[in-house]
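We'll walk through it piece by piece, starting with what sits inside.

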Amino acid sequence: MQLGKLAIFLPLWLLCLSQAHVIGVSPEDQHLYSAKIDEDGNQYWTCLNDSSIKLQLSQINDDICDCPDGSDEPGTNACPDSAIKFYCANQGHFPAYIEQFKLNDGVCDYDICCDGSDEYQLGTCENKCDEIHRQFETYKAEQLQILNKALKKKQHVVDLSQRNRKSLINNLEHLERQVPEKKMKLNKLKIQMEDVELQEDTPDLYDILDEHFANLANRIEAYKRDILKQDEQLQKLEKILEELSKGYNPNYNDHAVKESIHKFQEYISNKEDGVQKDFHDITEFVKKIVENAKEHSINIELTGNGNINNDKSKSKSKSKHYDGVPSLKNMIHYYFNLFAQNFLIKTPETYVSKLSSNQLAPEIDKLEEELEKIEKTITVIKKDLSSDYGPDDILRAYEKLPISNNLGGYYYRVDFLNSIYQNDVLIGVFKEYKEGKLIFANGARCWNGPKRSATVEFICGEGPAIVSVAEPEKCHYNFVIRGEAWCHPVSEQELLQSFEIDYNLL
């Protein structure tokens, strides 16, 4: 009696704590099916996705679909379009959910409900969870053993890919170090080239004075011819006078004749020989000057006012200036002074290339080609390093390790980062790695069709090996390659998804 009175005074929210077990609902969701109390003390329940629809508790799992979302029938197949699935407890194994349309259909869905609860109305499915779980544990142990072995092999592949990447980085750093050194060397060669070209283009002393030497020699030669002609005439006159002197009769008292013959005899007595010798000496002297100028040629330049600037003198010591175009007299004086100043006086040393422009030019071309090649290689390496080659750059390990297989009467060769061939037909060249797949494009054109292309997918397993080739679209191929490099640690849930029951053991 006292308990009855006490119940009258209990708060309404305490009454809401009372829950009934609803079949098909997981323990963590049972609270969603708790009874609610209205103002009159009556129990009711509302659809999960529409609280405006109130139902009696007896309408839950009554095999009539009253809620639009089917939430009132979690344990029946009365609502075929319901998104709510039936909960299987599967004690001793793993809980699971099964579609409602599979409930009580006479089929034991042990792959989902190993406890047989999906057929609770018929009661025709025994609880097989213990046997199935033992199969799963055996499967898991085998798979983990295989997987651990594969992961060890994968680590070697990862190490190889990282070594290949490190090798590229080292090569890149080596090439980048060469660039400033070669550029500096190239700049030095170009400066040398400019200096040499300047030296070769600047006329030397002999080049400038050569015309003067030639004019001098021509003038001497002309004077020589004139004098020789005059000497010839003089000799003729001397011969006439000599004959006159010999044939003259002194008994004649011709004072003028006597005086002329007397002066002629005095002239002959005091005459100096060697006109030819004098001319020969002058010619030889000029030849020596020319030869000496050739031997000791000096780079100079003529200024606008006719001054001669000596480049060697200008670079090694104070510049010397000479006014006017050299005449025969001051040319000789200038030349020997210049020779003494530049060859007899020691001046500070400056660098002068030992190579000519013809020798420097190929050296510069060669160095420019080397630089261009290095810079192109640097660009290629940087692009390669920035490319996506999968997790841990795994594909780098296979860049020089193509795989092949005979499938469907064709010989396939896959060069991961290069190309794919079917016999001798190009299926495609490597384009990119995207979303875990290799993309190949621009293959040989099909007969009356597009260019061939391919997609390569990877699965975990022993390999690497091409396990299948398909052509879902015209001239587009799908390859599946198996290998340890694409294995990864798996969870128990992932193993459960790949687990298949051996019904012969049940």
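Contact here means heavy atoms within 4.5 Å. With that in hand, look at Trp 486: leaving aside residues up to four places away in sequence, Trp 486 touches Ile 394, Leu 395, Tyr 398, Phe 416, Phe 458, Ile 459, Cys 460 and Ile 481. Before going further, note that this is a predicted model, where local features need pLDDT of at least 70, side-chain atom pairs count only at pLDDT 80 or more, and totals for chains, interfaces and linings use all residues. Residues are numbered from 1 along each chain as its sequence is written, and side-chain values use heavy atoms, with hydrogens and water left out.

Trp 486 belongs to the largest nonpolar core, which has 26 residues. A nonpolar core is a set of buried Ala, Val, Leu, Ile, Met, Phe, Trp, Tyr and Cys residues joined through side-chain atoms within 4.5 Å; buried means under 20% relative accessible area, exposed over 50%, and partly exposed in between, using a 1.4 Å probe and protein chains only. Which members touch the most others? Leu 395, Phe 416, Phe 479, Ile 481 and Trp 486 do. Two or more residues each come from α3 (129–201), β9 (410–415), β11 (425–434), β12 (437–442), β13 (453–460) and β15 (476–483). Those labels are DSSP runs numbered from the N terminus, with helices being H or I of at least four residues and strands E of at least two. There is also a second, separate core of 16 residues, and Leu 189, Met 193, Leu 360 and Ile 364 are among them. In soluble globular proteins, nonpolar side chains tend to be buried together.

Leu 360 and Ile 364 take us to helix α9, and both are buried there. Other buried residues of α9 include Leu 367, Leu 371, Ile 374, Ile 378 and Ile 381, along with Asp 384. In the model, 357–384 is 100% helix and 0% strand, with end C-alpha atoms 40 Å apart.

Now for the open sheet of eight strands, ordered β8-β9-β10-β11-β12-β13-β15-β14 with mixed pairing. Two strands pair if DSSP finds at least two bridges between them. At the edges stand β8 (403–407) and β14 (465–473), each with a single partner strand, so one side of each has no neighbour in the sheet. The twist averages 25° from one strand to the next. Five bridges link β8 to β9 in an antiparallel arrangement, and Asn 405 stands opposite Tyr 412. Further in, β10 (419–422) and β11 are antiparallel over four bridges; their hairpin has two residues between the strands, and Asn 423 takes a positive phi near 55°. β11 then pairs antiparallel with β12 over six bridges, and in that hairpin Glu 435 has a positive phi near 50°.

Finally, go back towards the start of the chain. Is strand β2 (residues 43–47) largely enclosed or left open? Four of its five residues are buried, so β2 is largely enclosed by the rest of the structure. β2 forms a hairpin with β1, with five residues between them and Gly 41 in the turn at a positive phi of about 85°. β2 also pairs with β3 (residues 50–55), antiparallel over three bridges, where Thr 46 stands opposite Lys 54.

Technical notes: Axes fitted to C-alpha atoms, helices over the stretch in contact; angles between N-to-C directions.
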